[in-house]
Amino acid sequence: MPGSGERTPTVRLRELGLVLPEPPRPLGRYQAAVQTGSLLVLSGMLPLREGVVTAGRLGDRISNDAGRAAARLAALNALAVAQATLGTLDRIRRVVRATVSMATVSDFVDHAAIADGASDLFASLFDEGHTRLALGAYTLPLGATIELEVIFELHGEG
Amino acid sequence: MPGSGERTPTVRLRELGLVLPEPPRPLGRYQAAVQTGSLLVLSGMLPLREGVVTAGRLGDRISNDAGRAAARLAALNALAVAQATLGTLDRIRRVVRATVSMATVSDFVDHAAIADGASDLFASLFDEGHTRLALGAYTLPLGATIELEVIFELHGEG
Amino acid sequence: MPGSGERTPTVRLRELGLVLPEPPRPLGRYQAAVQTGSLLVLSGMLPLREGVVTAGRLGDRISNDAGRAAARLAALNALAVAQATLGTLDRIRRVVRATVSMATVSDFVDHAAIADGASDLFASLFDEGHTRLALGAYTLPLGATIELEVIFELHGEG
(Lines give C-alpha, C1' and ligand atoms only; values in the text may rest on other atoms or scores of the structure.)
Protein backbone atom coordinates (compact mmCIF):
# COMPACT_ATOMS: atom_id res chain seq x y z
CA MET A 1 0.00 0.00 0.00
CA PRO A 2 1.20 3.55 -0.56
CA GLY A 3 2.70 5.41 2.38
CA SER A 4 0.32 7.44 4.48
CA GLY A 5 1.89 10.66 3.26
CA GLU A 6 0.94 10.04 -0.36
CA ARG A 7 -2.17 11.22 -2.10
CA THR A 8 -4.08 8.08 -3.00
CA PRO A 9 -5.99 7.62 -6.25
CA THR A 10 -9.21 8.19 -4.31
CA VAL A 11 -7.94 11.53 -2.99
CA ARG A 12 -6.73 12.57 -6.41
CA LEU A 13 -10.02 11.67 -8.03
CA ARG A 14 -11.79 13.89 -5.50
CA GLU A 15 -9.32 16.72 -6.05
CA LEU A 16 -10.05 16.53 -9.78
CA GLY A 17 -13.75 16.83 -9.01
CA LEU A 18 -14.47 13.54 -10.73
CA VAL A 19 -17.36 11.28 -9.80
CA LEU A 20 -17.28 7.76 -11.18
CA PRO A 21 -20.27 6.58 -13.19
CA GLU A 22 -22.28 3.51 -12.30
CA PRO A 23 -20.18 0.52 -13.38
CA PRO A 24 -21.56 -0.69 -16.71
CA ARG A 25 -23.38 -4.01 -16.92
CA PRO A 26 -21.94 -6.66 -19.20
CA LEU A 27 -23.62 -6.92 -22.61
CA GLY A 28 -23.46 -10.73 -22.61
CA ARG A 29 -22.50 -13.81 -20.66
CA TYR A 30 -19.30 -12.55 -19.08
CA GLN A 31 -18.31 -10.48 -16.09
CA ALA A 32 -16.79 -7.03 -15.84
CA ALA A 33 -13.54 -8.01 -14.10
CA VAL A 34 -11.45 -11.00 -13.04
CA GLN A 35 -8.54 -10.96 -10.61
CA THR A 36 -5.69 -13.37 -11.33
CA GLY A 37 -2.68 -13.12 -9.05
CA SER A 38 -1.81 -9.44 -8.70
CA LEU A 39 -3.60 -8.47 -11.91
CA LEU A 40 -7.15 -7.20 -12.30
CA VAL A 41 -8.25 -7.83 -15.87
CA LEU A 42 -11.27 -5.92 -17.17
CA SER A 43 -13.72 -6.61 -19.94
CA GLY A 44 -13.95 -4.14 -22.81
CA MET A 45 -15.18 -0.74 -21.58
CA LEU A 46 -17.31 1.47 -23.81
CA PRO A 47 -17.87 5.24 -23.58
CA LEU A 48 -21.17 4.79 -21.75
CA ARG A 49 -22.91 7.31 -19.51
CA GLU A 50 -26.34 6.59 -18.08
CA GLY A 51 -26.95 3.99 -20.72
CA VAL A 52 -26.00 6.19 -23.69
CA VAL A 53 -22.93 5.29 -25.73
CA THR A 54 -20.77 7.68 -27.76
CA ALA A 55 -21.18 6.21 -31.25
CA GLY A 56 -19.78 6.93 -34.72
CA ARG A 57 -16.47 7.05 -36.52
CA LEU A 58 -13.58 9.38 -35.84
CA GLY A 59 -12.97 11.50 -38.90
CA ASP A 60 -16.67 11.38 -39.77
CA ARG A 61 -19.37 12.08 -37.17
CA ILE A 62 -16.96 12.22 -34.23
CA SER A 63 -14.38 15.00 -33.87
CA ASN A 64 -11.01 14.38 -32.27
CA ASP A 65 -12.12 16.33 -29.20
CA ALA A 66 -15.21 14.16 -28.87
CA GLY A 67 -13.05 11.08 -29.39
CA ARG A 68 -10.70 12.09 -26.59
CA ALA A 69 -13.67 12.66 -24.32
CA ALA A 70 -15.02 9.22 -25.26
CA ALA A 71 -11.68 7.59 -24.41
CA ARG A 72 -11.71 9.38 -21.06
CA LEU A 73 -15.29 8.26 -20.41
CA ALA A 74 -14.39 4.64 -21.14
CA ALA A 75 -11.49 5.01 -18.69
CA LEU A 76 -13.86 6.38 -16.04
CA ASN A 77 -16.01 3.30 -16.55
CA ALA A 78 -12.93 1.11 -16.10
CA LEU A 79 -12.20 2.87 -12.81
CA ALA A 80 -15.84 2.41 -11.76
CA VAL A 81 -15.58 -1.33 -12.41
CA ALA A 82 -12.29 -1.53 -10.52
CA GLN A 83 -13.76 0.31 -7.54
CA ALA A 84 -16.87 -1.87 -7.51
CA THR A 85 -14.72 -5.01 -7.70
CA LEU A 86 -12.00 -4.05 -5.22
CA GLY A 87 -13.95 -1.83 -2.85
CA THR A 88 -11.46 1.00 -3.39
CA LEU A 89 -9.18 2.36 -6.11
CA ASP A 90 -6.42 2.56 -3.53
CA ARG A 91 -5.60 -1.12 -3.97
CA ILE A 92 -4.44 -0.29 -7.51
CA ARG A 93 -0.72 0.20 -8.00
CA ARG A 94 -0.80 1.05 -11.67
CA VAL A 95 -2.35 0.41 -15.03
CA VAL A 96 -0.18 -2.24 -16.68
CA ARG A 97 -1.70 -1.80 -20.09
CA ALA A 98 -4.48 0.08 -21.80
CA THR A 99 -5.55 -0.87 -25.32
CA VAL A 100 -7.66 1.78 -26.99
CA SER A 101 -9.54 0.48 -30.02
CA MET A 102 -11.38 3.15 -31.98
CA ALA A 103 -13.77 3.23 -34.92
CA THR A 104 -12.29 5.46 -37.62
CA VAL A 105 -12.58 6.46 -41.24
CA SER A 106 -10.16 4.68 -43.54
CA ASP A 107 -7.46 7.38 -43.62
CA PHE A 108 -7.41 8.26 -39.92
CA VAL A 109 -3.96 8.68 -38.34
CA ASP A 110 -4.50 10.52 -35.02
CA HIS A 111 -4.96 7.45 -32.82
CA ALA A 112 -2.36 8.57 -30.28
CA ALA A 113 -4.09 11.87 -29.58
CA ILE A 114 -7.42 10.13 -29.06
CA ALA A 115 -5.97 7.47 -26.77
CA ASP A 116 -4.41 10.17 -24.60
CA GLY A 117 -7.94 10.87 -23.38
CA ALA A 118 -7.62 7.66 -21.36
CA SER A 119 -3.88 7.93 -20.66
CA ASP A 120 -4.12 11.46 -19.26
CA LEU A 121 -6.73 10.32 -16.75
CA PHE A 122 -4.67 7.33 -15.64
CA ALA A 123 -1.53 9.47 -15.39
CA SER A 124 -3.35 11.94 -13.14
CA LEU A 125 -4.30 9.18 -10.68
CA PHE A 126 -1.34 6.77 -10.59
CA ASP A 127 2.32 7.66 -10.12
CA GLU A 128 3.57 4.74 -12.18
CA GLY A 129 3.15 4.83 -15.92
CA HIS A 130 1.35 2.41 -18.21
CA THR A 131 1.87 0.80 -21.59
CA ARG A 132 -0.59 1.41 -24.39
CA LEU A 133 -1.79 0.23 -27.74
CA ALA A 134 -3.99 2.37 -29.99
CA LEU A 135 -5.66 0.75 -32.99
CA GLY A 136 -8.37 1.47 -35.50
CA ALA A 137 -11.11 -1.18 -35.39
CA TYR A 138 -13.58 -1.60 -38.24
CA THR A 139 -16.63 -1.82 -35.98
CA LEU A 140 -17.26 -1.89 -32.23
CA PRO A 141 -20.14 -3.13 -30.06
CA LEU A 142 -23.24 -0.88 -30.17
CA GLY A 143 -21.51 1.21 -32.83
CA ALA A 144 -19.28 2.71 -30.14
CA THR A 145 -16.46 5.09 -31.02
CA ILE A 146 -14.09 3.59 -28.43
CA GLU A 147 -13.52 0.27 -26.71
CA LEU A 148 -10.96 0.22 -23.93
CA GLU A 149 -9.14 -2.78 -22.48
CA VAL A 150 -7.42 -2.27 -19.13
CA ILE A 151 -5.22 -4.49 -16.97
CA PHE A 152 -4.46 -3.13 -13.50
CA GLU A 153 -1.72 -4.25 -11.12
CA LEU A 154 -2.66 -4.36 -7.44
CA HIS A 155 -0.51 -3.52 -4.43
CA GLY A 156 1.15 -6.29 -2.45
CA GLU A 157 -0.44 -9.35 -4.03
CA GLY A 158 0.49 -12.23 -6.25
CA MET B 1 -7.93 -28.79 -7.80
CA PRO B 2 -11.72 -28.96 -7.52
CA GLY B 3 -13.23 -31.07 -4.74
CA SER B 4 -14.09 -34.63 -5.63
CA GLY B 5 -17.80 -33.88 -5.36
CA GLU B 6 -17.70 -31.36 -8.19
CA ARG B 7 -18.39 -32.01 -11.82
CA THR B 8 -15.14 -31.28 -13.60
CA PRO B 9 -14.93 -29.57 -16.99
CA THR B 10 -14.22 -32.99 -18.55
CA VAL B 11 -17.40 -34.44 -17.04
CA ARG B 12 -19.44 -31.44 -18.13
CA LEU B 13 -18.10 -31.61 -21.64
CA ARG B 14 -19.18 -35.25 -21.82
CA GLU B 15 -22.61 -34.43 -20.37
CA LEU B 16 -23.04 -31.83 -23.10
CA GLY B 17 -22.23 -34.48 -25.68
CA LEU B 18 -19.31 -32.44 -26.98
CA VAL B 19 -16.24 -33.96 -28.60
CA LEU B 20 -13.25 -31.68 -29.02
CA PRO B 21 -11.82 -31.29 -32.52
CA GLU B 22 -8.22 -32.05 -33.37
CA PRO B 23 -6.16 -29.14 -32.04
CA PRO B 24 -5.41 -26.83 -34.98
CA ARG B 25 -1.86 -26.57 -36.30
CA PRO B 26 -0.22 -23.16 -36.23
CA LEU B 27 -0.30 -21.27 -39.54
CA GLY B 28 3.24 -19.97 -39.09
CA ARG B 29 6.32 -19.99 -36.91
CA TYR B 30 4.68 -19.95 -33.51
CA GLN B 31 3.12 -22.46 -31.16
CA ALA B 32 -0.46 -22.97 -30.07
CA ALA B 33 0.01 -22.32 -26.34
CA VAL B 34 2.53 -21.07 -23.79
CA GLN B 35 2.28 -21.48 -20.01
CA THR B 36 3.68 -18.62 -17.92
CA GLY B 37 3.19 -18.91 -14.17
CA SER B 38 -0.43 -19.92 -13.58
CA LEU B 39 -1.59 -18.65 -16.97
CA LEU B 40 -1.98 -20.62 -20.19
CA VAL B 41 -1.89 -18.19 -23.09
CA LEU B 42 -3.20 -19.38 -26.46
CA SER B 43 -2.53 -18.27 -29.98
CA GLY B 44 -5.43 -16.95 -32.05
CA MET B 45 -8.03 -19.64 -32.63
CA LEU B 46 -10.08 -19.72 -35.83
CA PRO B 47 -13.43 -21.43 -36.47
CA LEU B 48 -11.76 -24.46 -38.05
CA ARG B 49 -13.21 -27.95 -38.36
CA GLU B 50 -11.33 -30.64 -40.27
CA GLY B 51 -9.29 -28.03 -42.05
CA VAL B 52 -12.26 -25.94 -43.21
CA VAL B 53 -12.66 -22.42 -41.83
CA THR B 54 -15.89 -20.46 -41.45
CA ALA B 55 -15.17 -17.46 -43.67
CA GLY B 56 -16.97 -14.23 -44.61
CA ARG B 57 -18.31 -11.10 -42.97
CA LEU B 58 -21.09 -10.86 -40.42
CA GLY B 59 -23.93 -8.82 -41.89
CA ASP B 60 -23.05 -10.05 -45.37
CA ARG B 61 -22.46 -13.75 -46.12
CA ILE B 62 -22.56 -14.85 -42.49
CA SER B 63 -25.76 -14.68 -40.43
CA ASN B 64 -25.68 -13.94 -36.72
CA ASP B 65 -26.57 -17.57 -36.00
CA ALA B 66 -23.67 -18.76 -38.13
CA GLY B 67 -21.43 -16.22 -36.42
CA ARG B 68 -22.37 -17.50 -32.98
CA ALA B 69 -21.64 -21.04 -34.13
CA ALA B 70 -18.27 -19.89 -35.47
CA ALA B 71 -17.40 -18.28 -32.13
CA ARG B 72 -18.35 -21.50 -30.37
CA LEU B 73 -16.25 -23.54 -32.80
CA ALA B 74 -13.23 -21.32 -32.18
CA ALA B 75 -13.78 -21.84 -28.44
CA LEU B 76 -13.88 -25.62 -28.95
CA ASN B 77 -10.54 -25.35 -30.73
CA ALA B 78 -9.18 -23.37 -27.79
CA LEU B 79 -10.29 -26.15 -25.43
CA ALA B 80 -8.70 -28.74 -27.73
CA VAL B 81 -5.39 -26.88 -27.59
CA ALA B 82 -5.62 -26.57 -23.81
CA GLN B 83 -6.33 -30.28 -23.43
CA ALA B 84 -3.47 -31.23 -25.75
CA THR B 85 -1.11 -28.94 -23.85
CA LEU B 86 -2.18 -29.75 -20.29
CA GLY B 87 -3.27 -33.37 -20.69
CA THR B 88 -6.68 -32.56 -19.23
CA LEU B 89 -9.13 -29.65 -19.07
CA ASP B 90 -9.44 -30.30 -15.34
CA ARG B 91 -6.30 -28.33 -14.62
CA ILE B 92 -8.14 -25.21 -15.80
CA ARG B 93 -9.67 -23.02 -13.11
CA ARG B 94 -11.24 -20.45 -15.38
CA VAL B 95 -10.97 -18.41 -18.52
CA VAL B 96 -9.38 -15.12 -17.48
CA ARG B 97 -10.15 -13.38 -20.74
CA ALA B 98 -11.58 -14.09 -24.13
CA THR B 99 -11.19 -11.60 -26.96
CA VAL B 100 -13.51 -12.24 -29.87
CA SER B 101 -12.47 -10.44 -33.03
CA MET B 102 -14.94 -10.73 -35.89
CA ALA B 103 -15.05 -9.71 -39.54
CA THR B 104 -18.11 -7.53 -40.09
CA VAL B 105 -19.77 -5.15 -42.50
CA SER B 106 -19.22 -1.49 -41.72
CA ASP B 107 -22.46 -0.88 -39.80
CA PHE B 108 -22.49 -4.06 -37.70
CA VAL B 109 -23.42 -3.61 -34.01
CA ASP B 110 -24.30 -7.11 -32.69
CA HIS B 111 -20.80 -8.07 -31.53
CA ALA B 112 -21.97 -9.07 -28.05
CA ALA B 113 -24.49 -11.61 -29.34
CA ILE B 114 -21.88 -13.21 -31.58
CA ALA B 115 -19.26 -13.39 -28.86
CA ASP B 116 -21.73 -15.14 -26.56
CA GLY B 117 -21.22 -18.19 -28.78
CA ALA B 118 -17.85 -18.57 -27.09
CA SER B 119 -18.89 -17.23 -23.67
CA ASP B 120 -21.85 -19.60 -23.35
CA LEU B 121 -19.57 -22.59 -23.92
CA PHE B 122 -17.03 -21.40 -21.35
CA ALA B 123 -19.80 -20.64 -18.84
CA SER B 124 -21.16 -24.17 -19.22
CA LEU B 125 -17.78 -25.72 -18.34
CA PHE B 126 -16.25 -23.45 -15.69
CA ASP B 127 -17.92 -22.17 -12.51
CA GLU B 128 -15.96 -18.96 -12.44
CA GLY B 129 -16.74 -16.25 -14.96
CA HIS B 130 -14.49 -14.61 -17.52
CA THR B 131 -13.84 -11.17 -18.92
CA ARG B 132 -14.39 -10.45 -22.59
CA LEU B 133 -13.70 -8.06 -25.40
CA ALA B 134 -15.65 -8.15 -28.66
CA LEU B 135 -14.36 -6.14 -31.61
CA GLY B 136 -14.89 -5.85 -35.34
CA ALA B 137 -11.67 -6.51 -37.27
CA TYR B 138 -11.26 -5.42 -40.88
CA THR B 139 -9.79 -8.73 -42.04
CA LEU B 140 -8.76 -12.00 -40.37
CA PRO B 141 -6.36 -14.82 -41.35
CA LEU B 142 -7.74 -17.09 -44.12
CA GLY B 143 -10.72 -14.77 -44.44
CA ALA B 144 -12.11 -16.21 -41.20
CA THR B 145 -15.27 -14.79 -39.62
CA ILE B 146 -13.90 -15.09 -36.08
CA GLU B 147 -10.54 -15.08 -34.33
CA LEU B 148 -10.53 -15.89 -30.64
CA GLU B 149 -7.85 -15.08 -28.06
CA VAL B 150 -8.04 -16.99 -24.78
CA ILE B 151 -6.03 -16.82 -21.55
CA PHE B 152 -6.75 -19.58 -19.06
CA GLU B 153 -5.87 -19.64 -15.36
CA LEU B 154 -4.75 -23.00 -13.97
CA HIS B 155 -5.42 -24.52 -10.56
CA GLY B 156 -2.80 -24.30 -7.84
CA GLU B 157 0.14 -22.90 -9.78
CA GLY B 158 2.11 -19.73 -10.07
CA MET C 1 19.57 -17.67 -16.44
CA PRO C 2 20.74 -19.78 -19.34
CA GLY C 3 23.74 -22.08 -18.79
CA SER C 4 27.11 -20.66 -19.70
CA GLY C 5 27.39 -23.07 -22.62
CA GLU C 6 24.35 -21.61 -24.38
CA ARG C 7 24.35 -18.89 -26.95
CA THR C 8 22.47 -16.02 -25.41
CA PRO C 9 20.06 -13.76 -27.33
CA THR C 10 22.76 -11.08 -27.35
CA VAL C 11 25.25 -13.47 -28.93
CA ARG C 12 22.71 -14.65 -31.48
CA LEU C 13 21.76 -11.12 -32.40
CA ARG C 14 25.42 -10.37 -33.08
CA GLU C 15 25.84 -13.58 -35.09
CA LEU C 16 22.91 -12.51 -37.25
CA GLY C 17 24.63 -9.19 -37.86
CA LEU C 18 21.68 -7.30 -36.42
CA VAL C 19 21.99 -3.93 -34.72
CA LEU C 20 19.00 -2.75 -32.74
CA PRO C 21 17.49 0.62 -33.63
CA GLU C 22 17.10 3.44 -31.14
CA PRO C 23 14.13 2.52 -28.94
CA PRO C 24 11.14 4.49 -30.23
CA ARG C 25 9.69 7.30 -28.14
CA PRO C 26 6.07 7.01 -27.05
CA LEU C 27 3.58 8.96 -29.19
CA GLY C 28 1.55 10.03 -26.16
CA ARG C 29 1.28 9.96 -22.39
CA TYR C 30 2.41 6.40 -21.78
CA GLN C 31 5.68 4.54 -21.46
CA ALA C 32 7.31 1.96 -23.72
CA ALA C 33 7.38 -0.92 -21.22
CA VAL C 34 6.12 -2.02 -17.80
CA GLN C 35 7.38 -4.97 -15.79
CA THR C 36 4.81 -6.80 -13.69
CA GLY C 37 6.01 -9.93 -11.90
CA SER C 38 8.02 -11.96 -14.40
CA LEU C 39 6.39 -10.32 -17.42
CA LEU C 40 7.63 -7.35 -19.41
CA VAL C 41 4.69 -5.81 -21.22
CA LEU C 42 5.40 -3.47 -24.14
CA SER C 43 3.41 -0.71 -25.73
CA GLY C 44 2.45 -1.06 -29.39
CA MET C 45 5.54 -1.08 -31.60
CA LEU C 46 5.44 0.40 -35.10
CA PRO C 47 7.76 -0.31 -38.06
CA LEU C 48 9.85 2.78 -37.36
CA ARG C 49 13.42 3.40 -38.40
CA GLU C 50 15.08 6.74 -37.78
CA GLY C 51 11.72 8.39 -37.39
CA VAL C 52 10.24 7.05 -40.64
CA VAL C 53 7.32 4.62 -40.44
CA THR C 54 6.38 1.99 -43.02
CA ALA C 55 2.88 3.14 -43.97
CA GLY C 56 0.11 1.90 -46.24
CA ARG C 57 -2.15 -1.13 -46.66
CA LEU C 58 -1.09 -4.66 -47.46
CA GLY C 59 -2.63 -5.66 -50.77
CA ASP C 60 -2.45 -2.07 -51.98
CA ARG C 61 0.71 0.04 -51.61
CA ILE C 62 2.57 -2.52 -49.52
CA SER C 63 3.67 -5.88 -50.92
CA ASN C 64 3.77 -9.00 -48.78
CA ASP C 65 7.56 -8.85 -48.78
CA ALA C 66 7.49 -5.26 -47.56
CA GLY C 67 4.89 -6.25 -44.98
CA ARG C 68 7.09 -9.04 -43.62
CA ALA C 69 9.98 -6.61 -43.41
CA ALA C 70 7.76 -4.14 -41.54
CA ALA C 71 6.73 -6.83 -39.04
CA ARG C 72 10.41 -7.67 -38.53
CA LEU C 73 11.25 -4.00 -38.04
CA ALA C 74 8.52 -3.61 -35.43
CA ALA C 75 9.98 -6.67 -33.66
CA LEU C 76 13.46 -5.11 -33.72
CA ASN C 77 11.97 -2.04 -32.07
CA ALA C 78 10.40 -4.28 -29.43
CA LEU C 79 13.81 -5.81 -28.74
CA ALA C 80 15.35 -2.33 -28.56
CA VAL C 81 12.78 -1.30 -25.94
CA ALA C 82 13.38 -4.50 -23.97
CA GLN C 83 17.14 -3.96 -24.02
CA ALA C 84 16.80 -0.33 -22.96
CA THR C 85 14.45 -1.32 -20.13
CA LEU C 86 16.27 -4.43 -18.87
CA GLY C 87 19.86 -3.50 -19.67
CA THR C 88 20.29 -6.71 -21.67
CA LEU C 89 18.21 -9.07 -23.81
CA ASP C 90 19.70 -11.96 -21.86
CA ARG C 91 17.20 -11.51 -19.05
CA ILE C 92 14.48 -12.56 -21.48
CA ARG C 93 13.39 -16.19 -21.36
CA ARG C 94 10.87 -16.06 -24.16
CA VAL C 95 8.20 -14.12 -25.94
CA VAL C 96 4.91 -15.15 -24.33
CA ARG C 97 2.76 -13.57 -26.98
CA ALA C 98 3.06 -11.42 -30.05
CA THR C 99 0.00 -9.79 -31.56
CA VAL C 100 0.56 -8.52 -35.08
CA SER C 101 -2.09 -6.06 -36.22
CA MET C 102 -1.81 -5.03 -39.85
CA ALA C 103 -3.54 -2.54 -42.15
CA THR C 104 -4.93 -4.43 -45.15
CA VAL C 105 -7.27 -4.18 -48.09
CA SER C 106 -10.70 -5.70 -47.49
CA ASP C 107 -10.03 -9.11 -49.06
CA PHE C 108 -6.57 -9.76 -47.60
CA VAL C 109 -5.95 -13.27 -46.26
CA ASP C 110 -2.14 -13.66 -45.90
CA HIS C 111 -1.86 -12.41 -42.32
CA ALA C 112 0.13 -15.43 -41.16
CA ALA C 113 2.89 -14.93 -43.74
CA ILE C 114 3.24 -11.27 -42.79
CA ALA C 115 3.32 -11.98 -39.06
CA ASP C 116 6.10 -14.50 -39.58
CA GLY C 117 8.36 -11.52 -40.22
CA ALA C 118 8.23 -10.94 -36.45
CA SER C 119 7.99 -14.61 -35.43
CA ASP C 120 11.04 -15.65 -37.46
CA LEU C 121 13.14 -13.04 -35.68
CA PHE C 122 11.94 -14.10 -32.24
CA ALA C 123 12.49 -17.78 -33.10
CA SER C 124 16.06 -17.05 -34.12
CA LEU C 125 16.84 -15.47 -30.74
CA PHE C 126 14.90 -17.49 -28.16
CA ASP C 127 14.80 -21.28 -27.79
CA GLU C 128 11.30 -21.33 -26.42
CA GLY C 129 8.40 -20.66 -28.73
CA HIS C 130 5.74 -17.98 -28.53
CA THR C 131 2.02 -17.64 -29.11
CA ARG C 132 0.69 -15.29 -31.75
CA LEU C 133 -2.35 -13.49 -33.01
CA ALA C 134 -2.49 -11.93 -36.46
CA LEU C 135 -5.35 -9.57 -37.30
CA GLY C 136 -6.31 -7.02 -39.91
CA ALA C 137 -6.92 -3.60 -38.35
CA TYR C 138 -8.84 -0.89 -40.21
CA THR C 139 -6.34 1.86 -39.40
CA LEU C 140 -3.16 2.15 -37.33
CA PRO C 141 -1.33 5.09 -35.72
CA LEU C 142 0.55 7.29 -38.24
CA GLY C 143 -0.95 5.22 -41.04
CA ALA C 144 1.47 2.40 -40.17
CA THR C 145 1.29 -0.96 -41.95
CA ILE C 146 2.00 -2.93 -38.75
CA GLU C 147 1.50 -2.53 -35.02
CA LEU C 148 3.07 -5.17 -32.81
CA GLU C 149 2.20 -6.03 -29.21
CA VAL C 150 4.75 -8.11 -27.30
CA ILE C 151 4.78 -9.65 -23.83
CA PHE C 152 8.13 -11.09 -22.73
CA GLU C 153 8.76 -13.52 -19.87
CA LEU C 154 11.92 -12.93 -17.87
CA HIS C 155 14.26 -15.49 -16.31
CA GLY C 156 13.99 -16.31 -12.65
CA GLU C 157 11.51 -13.68 -11.48
CA GLY C 158 7.97 -13.38 -10.27
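**How the copies meet**

Analyst: The copies meet through different surfaces, because only 7% of the interface residues of chain A are also interface residues in chain C. Residues are in contact here if their C-beta atoms, placed from the backbone, lie within 7 Å. This is a predicted model: local features need pLDDT of at least 70, side-chain atom pairs count only at pLDDT 80 or more, and totals for chains, interfaces and linings use all residues. Residues are numbered from 1 along each chain as its sequence is written, while chains are lettered from A and ligands numbered from 1 in the order in which they are written.

User: How many residues of chain A are in contact with chain B?
Analyst: 23 residues of chain A, facing 27 residues of chain B. On the chain A side, β1, β2 and β7 each supply at least two residues. The largest share comes from β1(A), with three residues. Helices (H or I, at least four residues) and strands (E, at least two) are DSSP runs, numbered from the N terminus.

User: Now the contact of chain A with chain C. How many residues does it take?
Analyst: It takes 27 residues from chain A and 23 residues from chain C. β5 (92-103), α3 (111-125) and β6 (131-137) of chain A each supply at least two residues of the chain A side. That side divides into twelve nonpolar, ten polar and five charged residues.

User: Switching topic. What order do the sheet strands of chain A have?
Analyst: β1-β2-β7-β5-β6, in an open sheet of five strands with mixed pairing. Two strands pair if DSSP finds at least two bridges between them. β1 (33-36) and β6 of chain A are the edge strands, each pairing on one side only. The twist averages 15° from one strand to the next.

User: How do the neighbours run?
Analyst: β1(A) and β2(A) (residues 39-42) run antiparallel, joined by four bridges. A:V34 has A:V41 as its bridge partner in β2(A). β5(A) and β7(A) also run antiparallel, over nine bridges. There, A:I92 is partnered by A:L154 of β7(A). β5(A) and β6(A) pair in the parallel sense over seven bridges. One bridge partner there is A:L133 of β6(A), for A:T99.

User: How many residues of β5(A) are buried?
Analyst: Eleven of its twelve, so β5(A) is mostly covered. A residue is buried if 20 or more other C-beta atoms lie within 10 Å of its own, exposed if 12 or fewer, and partly exposed in between.

User: Which strands does α2 of chain A lie across?
Analyst: Helix α2(A) (residues 64-86) lies across β1, β2, β5 and β7 (146-154) of chain A, at about 40° to β7(A). α3(A) lies across β5, β6 and β7 of chain A, at about 155° to β5(A). Axes are lines fitted to C-alpha atoms, for helices over the stretch in contact, and angles run from 0 to 180 degrees between N-to-C directions.

User: Last one. Is B:A115 buried or exposed?
Analyst: B:A115 is buried, because 31 other C-beta atoms lie within 10 Å. B:A115 is found in helix α3 (residues 111-125) of chain B. Leaving out residues up to four places away in sequence, B:A115 touches A:G28, B:A71, B:V100, B:R132 and B:A134. B:A115 and B:V100 are 15 residues apart in sequence, yet 5.9 Å apart in space, C-alpha to C-alpha.

Key. Contact = placed C-beta atoms within 7 Å. Nonpolar A, V, L, I, M, F, W, Y, C, P; charged D, E, K, R; others polar.
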